[in-house]
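I opened a notebook page to record what I looked up, one entry per topic.

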Amino acid sequence: MDAITENIDFFVDGFLGTLGLLVLSGIGAMILGIIIGAMRISPVASLRMFATAYTELFRNIPLTLILFFCANLLPVLDFNPGYFNLAVIGLTFYTSPFVAEAIRSGINGVPVGQAEAARSIGLDFGQTLSFVVMPQAIRMVVPPLINVFIALTKNTSVAGGFFVVELFWVAKTVANLRGDQVIMILLAVAVLYLLVTVTLGVLAGRVEKKILVMR
Amino acid sequence: MSASVLFDAPGPKARRRSLITSIVGGLAIVGGLFALIWTLGSERTTAAGAVVTGLFHPSRWDIFLNPLVWERLGIGVVATLQMAGVAAVLAIIIGILFSFGRAASSKWIRLPVTVILEFFRGMPVLLMMLFVLLVFSVDAYVAGVAALAVYNGAIIGEALRAGIQSLPRGQREAGLSIGMTPLATRFRIEFPQAFRQMLPIIVAQLVVLLKDTSLAYIVGYSELLRIGVNQISNAPGVGPRYFFSLFFVVLAIYLAMNLLLSWVARLIARRSGPRLGATTGVTPDGGDPKSQLGAEGTTAITLPLRSNFDGRGDGQAR
């Protein structure tokens, strides 16, 4: 136990690092994902093709390779805002196609009749989307989006392998300092991860229940 | 929902406008990519004043004329595939065990298994690799395989449980009523159906597993990335000049493997579709599997999670 109390600073820093990565790359992925998702359902063919290619490409590259590129190759190209920011960039790009997919499937999940009804009472494209389709789609999108963020929480651990101070890095470092209490240290880190993922999971369950009632 | 519902059939004017937007947008994207490639390819002067050749200069790529490089890359591919293959087999076995535990009728088995399963699913794979590596002091390969197998086993187990639960109750009742023991019913009646129904999800998870073998890089396993980039560029007479070209070749190999497996996964999803008694009651919007629990016998199996799979839904869930 004293391995944890002695190194409590490490754990606090690591937890804040993980939360920072989660929040910043979560926001970034939301912005990028909404743009890509919008491109995927847009009537402009070239944008649609680009968004599809982007999604397929980034979903099939392992996260390790993306973060390797960010941490080891971008600095060589004279782009170096620090390892934390590089990891945020990598996680943003990795997560954005999943956000885009969640949004797209949410919009596709709104029954066609809804859009038909909106069109038949004379709403135009913009009105149909903003008054009828989107309000329903957003509700359907929230639970899968929370799942994306749960996965993102777990994925932030990869950044710890590329010089970012977060929970995995703390696990590695403190376990090296105190080889006698490895199990204790790793379990403590695991609990901290679970704190975030379980909270998000409970949130997802609540939202889902609320939506079920509304439908 | 098809896009055409959202707006009127375009007239000649709107069609021309849409074509122009499409071309302009396409040109902007192509132009942006070209500018990026051009910047990467042009010579740079570093802060120290040295001139560095562009990334596409032949001196950065001539290494691939050497068959030894390809041999090393081949070893890397084999190392990655070997880890993925062994972990996949173990993950399916562990998943089956988990699903039995999770669906057990005795709560002394069900509850602990549920807790363990949730614990594994909420954990980063990387942390599990580190745990196995340090606590059992095994080498990186074993740690990687064990962590990948347990983690993906937990997810496959959960999928199989959902499959078992979505079966009509009549299946189990029929098995019991012809005198099979509960275990035999589970094994010979329920499980084969659940497995077949959940096959697309299991295969999608195996694609994720292949992608995740690269995590073993961080705990020190010599897989494709480590062999292909770190080891080759550290070899005598190679040097960091080839860092970029090696990275892009490794990236291309990974992409090829993953896209191929994703394609196979989609093929399986299409072929083992909702054919199993899908005459009625297929919920296209993916209803809750539990709502099917007491359904009529003929409603048989629907594939509620399939819509998730088509977009590979939260395939990211590692």
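**Entry 1: the rule.** Before listing pairs I wrote down what I was looking for: a salt bridge is a side-chain nitrogen of Lys or Arg within 4 Å of a carboxyl oxygen of Asp or Glu. I also noted that I am working with a predicted model. By this rule I get 14 salt bridges over all chains.

**Entry 2: A:R40 and A:E101.** I looked up this pair and found a salt bridge, with 2.7 Å between the closest N and O atoms. What does the pair tie together? A:R40 sits in helix α2 (residues 8-41) of chain A and A:E101 in helix α5 (residues 83-109) of chain A, so the bridge links parts that are 61 residues apart in sequence. I then checked accessibility, and both A:R40 and A:E101 are buried.

**Entry 3: A:E56 and A:R59.** Next I took a pair from one helix. A:E56 and A:R59 form a salt bridge at 3.1 Å, N to O. Both belong to helix α3 (residues 45-59) of chain A and are three residues apart, about one turn of the helix. Are the two partners buried or partly exposed? A:E56 has a relative accessible area of 23%, so I list A:E56 as partly exposed. A:R59 has 3% relative accessibility and therefore counts as buried. The cut-off I used is that buried means under 20% relative accessible area.

**Entry 4: B:R121 and B:E118.** I looked for a pair in chain B. The side chains of B:R121 and B:E118 meet in a salt bridge of 3.2 Å, N to O. Helix α3 (residues 107-121) of chain B holds both, again three residues apart, about one turn of the helix. B:R121 is partly exposed, at a relative accessible area of 26%. B:E118 also counts as partly exposed, at 37% relative accessibility.

**Entry 5: the bridge between the chains.** How many salt bridges does the rule find across the interface of chain B and chain A? I find one. B:R266 pairs with A:E56, the closest N and O atoms being 3.3 Å apart.

**Entry 6: the interface.** I counted 10 residue pairs in polar contact across the interface of chain B and chain A, both residues at pLDDT 80 or more. On the side of chain B that touches chain A, the elements that each supply at least two residues include α1 (12-41), α4 (125-135) and α9 (243-271). The largest share of that side, 12 residues, comes from α9(B). I sorted the residues of that side into 32 nonpolar, 14 polar and eight charged. The contact takes 54 residues from chain B and 60 residues from chain A. The area buried between the two chains is about 5,100 Å², and carbon and sulfur atoms give 72% of that area.

**Entry 7: confidence.** I ended with the scores. The model has ipTM 0.88 and pTM 0.83. Chain B averages a pLDDT of 80, and 82% of the residues score at least 70.

How values were computed
Residues numbered from 1 in each chain as written. Chains lettered and ligands numbered in written order. Heavy atoms only, no water. Helix = DSSP H or I, 4+ residues; strand = E, 2+ residues; numbered from the N terminus. Buried < 20%, exposed > 50% of the residue type's maximum accessible area, 1.4 Å probe, protein only. pLDDT = per-residue confidence, 0-100. Contact = heavy atoms within 4.5 Å. Buried area = accessible area lost by both parts, 1.4 Å probe. Polar contact = N/O pair within 3.5 Å; in protein donor to acceptor, adjacent residues only side chain to side chain. Nonpolar A, V, L, I, M, F, W, Y, C, P; charged D, E, K, R; others polar.
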